[in-house]
Amino acid sequence: MTAETQPSPVDILMTLHTLGTSKTSFARPLLWQASSGLAELQCGMTSAGANNPSFVNGLRSLANMWRVVMATYSKRRRPDSTPPVETSGWGFLPPASVFDQQVRRSHEMFEQMLGMLVPMPQLSDSTRTDSRRLLRSMDYASSALITLDLLRSVSRSSPGLLSEPDISPFVGFFEALLKIAPTPRIPYSFQEKISTLQEPALVAHYKDMSSRLGLQGVRLLSPNGTSEAVTEDGAFPSTADPATGAEIASGDDRLGSEPHPGISPTERFALVNAKRLGRALEVQDMLLAEKIKRETYAFAGSRGTDSQALPLELYEHLMLTFLSLRNPKAAIEVWNHVIQAGYKPTVKTYTTMMRGAQAVRDISGMKAFWHKMRKAGLQPDEHAWSIRIFGLFKLQLIKEGFQAMSEMSQEWLAAAKARAVFEATREQKKQMVPNSDLGAELLARYPGPVDGVPRPNLVVVNSAISSLALSQRGDIPKALTWARTFGIEPDVTTYNVLLNVAMRYEQTVEALSLLRRMQQRGIAANSTTWTVLLTALFEGGFLEDLDHKQQQDKILAFIDSLETNDPNMPGIDVQGYALVMNRLLKHHDNPDGAAAVMKHMLDRGHEPTTYIYTILMSSYFQCQPQPDFAAIEALWKQMESKDNGYGARVDSVFYDRMIEGYATHHRVAGIDKALGFLRRCRAAGQKPGWRALEAVARALADRKDSSRLQRLVDEVRISLRESRGASQHMGQRNFWRFIIEDIGMLREEGITKPEDILPRHARQSPLLQAESSA
């Protein structure tokens, strides 16, 4: 084959795509080899040599490779299998501004935005456990930044290059991304290149390139895998953590810099990432959870032959986070990683899986891991029992819940009796058989666990009645009777649950009786108690027949009185403040009063919760004759400024209210705001509700925006096929009724009613389904 007939990398990519055999693992290495090769070629050129036609054509080919890779990925995300890729043009690129609403601001923001435009490889087990291979396999940013710098450099001697139709959109788009993002950190392959180059001229060339690009945090990897800082005289400041080598990002994703004296780098890595997982779960951030998982695999792989260097608790945190975020597939992947690494699951590990399954209403998964634990010969502790009992009651399996409580008590009594027999003399053993008070005697003799078998206690009782209060309050007395059998006395948590039930069903006499009993037993109220009482006050007309200013003064005086009447009594907490604001807004249409309560809360050092932001936004959208868009924008701007500019933490409910609000009022606000919050929701790894999706669909139909409506429906159908965890059924039928019956979409596919597209079979356990397919 001659040079003239030899296919270019672009030809290869196009051919693989056309045949439908292209793999995501091909794209990144091709881009890296081409961009780094041209960078090294440029280093050996004189300034005049930059005009070399072959070199300039190489840059054109590199830009075209980027176009093919990005266009291929953009089209592969659509339902059809292998759509054609145009031979020219960048029309598939979204406006760069959309990423500002989708990606959390950090020094990794450029990499994350780029990651949404290019294919990521399917990782093998060997790659997951090799930190260098893992980081390298996901790094497109190095190639992108080098390509951009090469084009900028050559444009000085070939000014017409950047205006060419196949070059200009590429450069403009990537420069726009860099303007949106904070200063990028230096990507892995770029960093690795500097640390492994032997020629001083090439090292200087890459350092100059990083300076021109304004990259932050250059750390050179030494041959033994440790990182070594470089400063401007040769050196740059680093954002990598000195103990773990992991990059420190800002905002919710930062590792934190507080010192941890006396603990090893491995212990610090586990501690810091357990906190990060807590933040990921709090804000429902699937992307952050996935990132922590990759970093955990990479860190574990960097420990060499010690496959169990990291504590099992970190993997348990990962599993619980993924299950709570309705991603059982990722949880099972972590479970399998734990088993393959040689860890032996403990009671806590099995309990973690049960807790996660229960959180997403996967009763079959919860039962399966309970049986796995017993089959493994492990004795459940009190926490495992409480999770099981809470889950059974929560999911309306009342009979099975009480059977589980009975099972726990019988296991302890059997263990206590066996211990008593073992410790007894011959005469004592003879007396045991006819002793009808043996149970009471065992309870008096053994106040706690016996040979590892937990005795029923307050933890289990409170779990049971808390769950029954939500599902079957009439059975609470039965659970309390079981508790008295074992001499279990209620605490403040028990009373708060009972008070909440009494107040909810307007049983004022019962509530007062409970309060008197608390006082008689010397049980002090806590902030939750006051929140329950506040609810009762409101229901009793506490703020009725008052004007807005009188309502404000009365509620603030009451809040102050909780703090001043008894210094030992706690004031209301953030949940109490939220309850007050919600009442003022929804029942009394008193935004000034709510604002005063908000100020009072902030003055006491409390930070607003997602729920508070949600009720405030909802009230602004409900203003008449039209929403208070100025207040909405002002509050959103305030939220974005939180946490050093990385934004307040929000959940899917907040996103739903924002999407619904803007979509409902699209004729005034336009549709871009609603679609922007929909993208932000998905980018955060959260699942928008069906009502929010229906509101967007109705707005798009009203605007006769058929292309974006079709895209929305396609995305929803793909989401259904790839459904993770418990499905949100609320509003699903109404969504499909509007799409199919009201506006006639999908009829060309033979779909004429919602039943044609809704699931026809009972939902399988997502946890067991993920396990069987792993």
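1. D589 counts as exposed, at 58% relative accessibility (exposed is over 50% relative accessible area, buried under 20%, partly exposed in between, with a 1.4 Å probe and protein chains only). Its phi is near 50°, a positive value in a residue other than glycine. D589 sits in the loop between α27 (574–586) and α28 (591–603); helices are DSSP runs of H or I with at least four residues, numbered from the N terminus.

2. This is a predicted model, in which local features need pLDDT of at least 70, side-chain atom pairs count only at pLDDT 80 or more, and totals for chains, interfaces and linings use all residues. Residues are numbered from 1 along each chain as its sequence is written, and side-chain values use heavy atoms, without hydrogens and water.

3. D451 is not a glycine but has a positive phi of about 50°. The residue lies in the loop between α20 (438–445) and α21 (458–471) and is exposed, with a relative accessible area of 54%.

4. The peptide bond from Q624 to P625 is cis, omega being near 10°. P625 belongs to the loop between α29 (610–621) and α30 (629–645).

5. Helices α15 (residues 347–359) and α16 (residues 363–375) have axes that come within 8 Å and cross at roughly 170°. Axes are lines fitted to C-alpha atoms, for helices over the stretch in contact, with angles from 0 to 180 degrees between N-to-C directions. The two helices are therefore roughly antiparallel (over 145 degrees).

6. In helix α36 (residues 732–742), the buried residues include F735, W736 and F738. Just after α36, G744 has a positive phi of about 75°.

Key
Angles under 35 degrees count as roughly parallel, over 145 as roughly antiparallel, 65 to 115 as roughly perpendicular and the rest as oblique.
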